Amino acid sequence: MKKTIITFYFLVFTVIQINAQQSEFPKLTGPYLGQKLPGMIPELFAPGIVSTLRNEHCPAVFSPENDEVFWSATDGQKFYLFRSYVDNGIWTPPSIPEFTKGLDATNPVFTLDGKKLFFVSQVVENNQWFITLWYVVKTPNGWSVRKKVEEITSFGNIGYQVSFARNGTLYFSAEKEGGFGGKDLYKSVFINGEYTKPENLGSVINSEFWEESVYVSPDESFILFRRNKRIENNVISDFYISHISNNQWTEPVLFTDNLGAKGDGMWIGMSPDQQYIFFVKKGIVNQFTTMGSDMFWVDAKIIDDIRKH
């Protein structure tokens, strides 16, 4: 009953906040919600618009044309997926897409051509999380009705975030018998309109811990991901990066310190042109959040610095 009341009030708060944003929303033009582009030091992304009192739960995902963006947030009980798009040159106030109606929807991601949007939904039963992967198709009249990706959903206890290579290969995390730890990272090749049997990325990437929050570059030359380690009563969550060398993944390099998120990494991704890294970290207390996490972005040249060292 208490959880129901909390969720109800957060939903009311969300609706009120969205209505307030629609009446007071600033006139934003230009790429990335009209925000000033970041440098080599991470900056809060779209404060008061994306980074708000809500608890952000994924990196922002922009369409290839940079005229539409999705992201999600949570109150700890329910997820909310938000959308903004360019209308007559101006970004619209955030709204909740119709295709998520009736779902606990979160962690959206575009295919590289922008023609499909994938996202997951969550159902909690007996303190267990069941994740379903969905997609919608962009049409001349907007987004289609949602469809379930059964091949991936039924594979095992999949994670929240997926990522796509240019050839359609899908990267994701899942807790599966025979894996190396809790959740491992997998990939599924897209052939003849279907996702093939997922392949574990192997022991170089996966460990005795939990790997999740995966992002793969369009050419599959590198991946970013999160590794969760439980140390005593604390969960340490760090970002790592691995490159392909001689058709093999290299030993993952700790990446979180470069983002100022040591031990507090949550979700990570990149802009469609790979110029910027978007990430969410926990442990945040400022005027935009009282719930513990916010979204940041930084120039992706920071990856080149890691390669040099």
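1. G179 is partly exposed, at a relative accessible area of 29%. Here, buried means under 20% relative accessible area, exposed over 50%, and partly exposed in between (1.4 Å probe, protein chains only). G179 sits in the loop between strand 13 and strand 14 (184-188). A contact is a pair of heavy atoms within 4.5 Å. G179 and S207 lie 28 residues apart in sequence, with 8.9 Å from C-alpha to C-alpha.

2. A word on the basis. The model is predicted: local features need pLDDT of at least 70, side-chain atom pairs count only at pLDDT 80 or more, and totals for chains, interfaces and linings use all residues. Residues are numbered from 1 along each chain as its sequence is written, and side-chain values use heavy atoms, with hydrogens and water left out.

3. Overall make-up. The protein has three helices and 25 strands. Helices (H or I, at least four residues) and strands (E, at least two) are DSSP runs, numbered from the N terminus. Of the 309 residues, 51% count as buried. The accessible surface comes to about 14,900 Å², and carbon and sulfur atoms hold 51% of that. The areas come from the Shrake-Rupley method with a 1.4 Å probe; for residues, only the protein chains shown count as cover. Among contacts with a separation of 6 or more, 49% join residues 24 or more positions apart.

4. Four strands form an open sheet, ordered 12-13-14-17, with antiparallel pairing. Strand 12 (157-164) and strand 17 (199-200) are at the edges with a single partner strand each, so one side of each has no neighbour in the sheet. Two strands pair if DSSP finds at least two bridges between them. Strand 12 and strand 13 (residues 170-175) are antiparallel, over five bridges. V162 has F172 in strand 13 as its bridge partner.

5. Strand 19 (residues 222-231). Seven of its ten residues are buried, so the rest of the structure largely encloses this strand. Five bridges pair strand 19 with strand 18 (residues 210-216) in the antiparallel sense. R227 in strand 19 is the bridge partner of E211. The two strands form a hairpin with five residues between them, and E220 in the turn has a positive phi of about 60°.

6. On to strand 20 (residues 234-245). Strand 20 runs antiparallel to strand 19, joined by ten bridges. I223 stands opposite S242 in strand 20. This hairpin has two residues between its strands; E232 in the turn has a positive phi of about 55°.
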